[in-house]
Amino acid sequence: MTYLTKFPAWSKLQAHRQQWHGRQLCDLFQEDKSRFEKFSLQHDDFLLDISKHFVTEETISLLLQLADEAALPAWTNKMSAGDKINHTESRAALHIALRNKSNQPMLVDGVDVMPSVNRVLLQMRNFSDAVRAGQRTGFTGKTFTDVVNIGVGGSDLGTAMVCEALEPYASKDISVHFLSNIDGNHFQQITRHLDPETTLFVVASKTFTTQETMVNAETARLWLVNLIGDSRAVTDHFVAISSNISAATKFGINKENIFELWDWVGGRFSLWSAIGLPIALYIGMDHFEDFLAGAYEMDEHFLNTDYRNNLPVMMAMLGVWYINFFDVRAHAVLPYDQSLHGLPAYLCQAEMESNGKGIDRQGRSCEYLTSPIVFGDAGTDGQHSFYQLLHQGTQFTTSDFIVAARPVHNLENHHEILISNYFAQTEAFMNGRGEKEALQNLNQQGYEDKMIKSLLPYKKFFGNKPSTSIMYKQLNPRTLGKLIALYEHKIFIQGVIWNINSFDQMGVELGKELARSIQNEIHDNKPVTSHDLSTNGLINYYKKLRDN
């Protein structure tokens, strides 16, 4: 495999990058009045505006040349054919099969996975319908009012984000809670006001061995049995999502209450599977199917649309342009929708765990940047938090702005104010405020000349900050499915360009392995000397505080 920086397009992009020194984004619109139309892409009601970027048609052409040289078409075919593109774990990465609404065969190791996918979807429907209708009850015969998902990482973040986003579609009779942190405070906060007789626990762990999940699950079982007073209650109040059937049954869960996962589904791409059971319990299986349908529509768009008009491809290649040729280290995701408050955290995991790698598929060090730091918050909260750095800081960052044209809750003036801020921020990022405008602003505020001279440097904004604008008609299950799938494909594409495996997460393991050994050393009050001097000092100080 040719090293990325040796591709002809890479050298051409390096030379092309030099043409952008000293250029202003706002000038591009003066040069071409049709720029917005040329650099805005649509898929159904989705609009992806990339006109506020340092790109011309030449830039796009070179980026797509790089995609071809990195064999993106071939890797896309491998992914959709069920090839084991997760080479370090010898697994396929076929999460698109989970939302394959065409029901056409999709193969892994020569076996069509669609019958298994459909079987689990039917199992999810039957179970969620029964719980929501009050036909499936707890040990004492009471209907379930609360669902507690016990998981971590990919078994928690995505599902929690979707449930929060789709709350307007949820049952008024069921609340969902997400227990992930091993900190006992999290367990106490969630269970403090729950009635064990009406609480259903969903234990989500592919291996059924994840330490945080299993410790929380054991604590939940103890809590339930102690309060109800009968160990038989576990059967009625616990279900599992796992590929480890024997471990789940040993825990006390009936086999018919275990929802299967497959090794070709990565954790952070699994919310479309039975990992999404809490979503189905919360919003109903019909809405969950709409959610899958939206993702399928984005899959079809990605797989069948030419790259110049392909939303995931253009998003991904823009990221490569800035990360590898502008040295961008951070990317902000800024949804102007409180319902999507959890989206930045979800994408933080999805992108950074997938592409936060420094070794390529041939075992060579990547002498180029890969995943940026992903962060963000819902607008307008973020404007009163980190936007100061985005506007006037020394870090050069890129941003995605996301908004719906129509609100779900149409309170008077609220959405107009919200979306006005959405438009204003992208405009301010691009145009900034020059000395003339800053001076006029200070004069309008009535400052004296001496104070104006003093404040003037602080009132100027550099501008020239690129941003992507995403807009759609309204947030609903189908729209959210499209949005998440858009980012999933972006992650896959960038992994292909950087020649890394986006589907393992070995960097997660080292700290956990060390923690297990340290756990054995902190039970007594003996001084610890087996680590570096700093870690020894911290452990011994902890013991001193604990024992005193």
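**Note on strand pairing, pockets and salt bridges**

1. Aspartate 400 has threonine 468, in strand 13, as its bridge partner. Strand 13 (residues 467–474) runs parallel to strand 12 and pairs with it over seven bridges; two strands count as paired if DSSP finds at least two bridges between them. Helices (H or I, at least four residues) and strands (E, at least two) are DSSP runs, numbered from the N terminus.

2. The model is predicted, so local features need pLDDT of at least 70 and side-chain atom pairs count only at pLDDT 80 or more, while totals for chains, interfaces and linings use all residues. Residues are numbered from 1 along each chain as its sequence is written, and side-chain values use heavy atoms, with hydrogens and water left out.

3. Strand 12 also pairs with strand 10 (residues 330–335), in the parallel sense and over five bridges. Here histidine 331 has threonine 398 of strand 12 as its bridge partner. Of the nine residues of strand 12, seven are buried (buried means under 20% relative accessible area, exposed over 50%, partly exposed in between, with a 1.4 Å probe and protein chains only).

4. Strand 12 (398–406) and helix 17 (414–431) each supply at least two residues of the lining of the second largest pocket. A pocket is an open set of points on a 1 Å grid over the protein atoms alone, where a 1.4 Å probe fits, with protein on both sides within 12 Å along at least five of seven lines; lining residues have an atom within 4 Å of a point. This pocket holds about 460 Å³ of space, a volume being the space filled by probe spheres set on the points, which are joined across faces, edges and corners. Its lining has 19 residues, with Asp337, Gln338, Ser339, His409 and Leu418 nearest its centre. Helix 17 contributes the most, three residues.

5. The structure holds 25 salt bridges (a side-chain nitrogen of Lys or Arg within 4 Å of a carboxyl oxygen of Asp or Glu). One of them joins glutamate 297 to lysine 482, with the closest N and O atoms 3.3 Å apart. This pair links distant parts of the chain, as glutamate 297 lies in helix 13 (residues 285–304) and lysine 482 in helix 20 (residues 477–497), 185 residues apart. Glutamate 297 is partly exposed at 21% relative accessibility, whereas lysine 482 is buried at 5%.
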